[in-house]
Amino acid sequence: SLKSIKVFELLFKNYKKKPKILILGEYPKLTSLLKKNIVLKKKGKPTIVIAPSGFYGIPKLSIKDDLQKIIIELLKMDIEIILRPHPSNRNHKIVKAIKDKFKTINNFKIDISEDYSKIYSKSSLLITDYSGTAYTYAMYTLNPVIFISLNKKYIDQLSYNKLNYFKDRKKIGLILNNFDKIAEKIKNILKNKKKIRNNIKNIKKTYFVNNNSNNNLYLD
């Protein structure tokens, strides 16, 4: 992307023979998604997807130990809930425990399909910790993302707060540092999507040269 090129320019700053840097100007996976003809969910109960990062990526920032708590809070709402574990964690004991605990709940399911485009396109909002899927989801659906960020001190300590990923989180949704009134905050963000959608569109224009869009897409 346009922003990434600065990183590589610094990387080769002291090299006498500098490589030519090609700006691809797109995120291939996202470009592929945007070429699909999708219809975003317009009627019925809101559907919320919980998509945590891999459990062992950055353990101190992971919501793996809070997934059951999050699901219990969401079950207080009249919504559909889908847990989409990271592919590397599909058979993890945490996922198995959740499957057993909530197996009788009709409005909760676990999705381990290879293609997440269907559940993303039918959802209203995504909840994650620090997974890169947050921005894929936002730019694909123009729907908001809620980041569960329970360890701000650790983010600041490692200077992650200077990274675009963390700096732009509020532009595409909300950052929650606790679980207080999570249901109320979700209801509010779903009622006020317009500003977030505009922010997401601006991010796409800023980061990517080839900003492909879907012609057959409607929003709720």
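**Close-up views of the predicted model**

**Figure 1. The protein as a whole, for orientation.** The chain folds into 11 helices and six strands. Of its 220 residues, 44% count as buried. The accessible surface comes to about 12900 Å², and carbon and sulfur atoms account for 52% of that area. Among contacts with a separation of 6 or more, 73% are between residues 24 or more positions apart.

**Figure 2. Helix H10 and its buried face.** Helix H10 spans residues 182–191, and Ile182, Ile186 and Ile189 are buried in it. These buried residues line one face of the helix, because they fall within an arc of 70° when seen down the axis of H10. In general, an α-helix has 3.6 residues a turn, so residues three or four places apart point the same way.

**Figure 3. Helix H4, buried and exposed sides.** In helix H4, made of residues 93–101, the buried residues are Ile94, Val95 and Ile98. Seen down the axis of H4, they fall within an arc of 100°, so they line one face of the helix. Lys93, Lys99 and Asp100 are exposed and sit on the face of H4 turned away from its buried side. The buried residues of H4 pack against helix H3 and against strands E2 (80–83) and E3 (108–110).

**Figure 4. Asp111 and its surroundings.** Asp111 is located in the loop between strand E3 and helix H5 (117–121). Its relative accessibility is 12%, so Asp111 counts as buried, the cut-off being under 20%. The side chain of Asp111 makes a polar contact with the side chain of Arg84, at 2.5 Å. Leaving aside residues up to four places away in sequence, Asp111 touches Ile82, Leu83, Arg84, Pro85 and Ile119.

Terms used. Residues numbered from 1 in each chain as written. Predicted model: local features only at pLDDT ≥ 70, side-chain atom pairs only at ≥ 80, totals over all residues. Heavy atoms only, no water. Buried < 20%, exposed > 50% of the residue type's maximum accessible area, 1.4 Å probe, protein only. Helix = DSSP H or I, 4+ residues; strand = E, 2+ residues; numbered from the N terminus. Arc of directions from axis to C-beta. Contact = heavy atoms within 4.5 Å. Areas by Shrake-Rupley, 256 points an atom, 1.4 Å probe, with all protein chains shown as cover. Polar contact = N/O pair within 3.5 Å; in protein donor to acceptor, adjacent residues only side chain to side chain.
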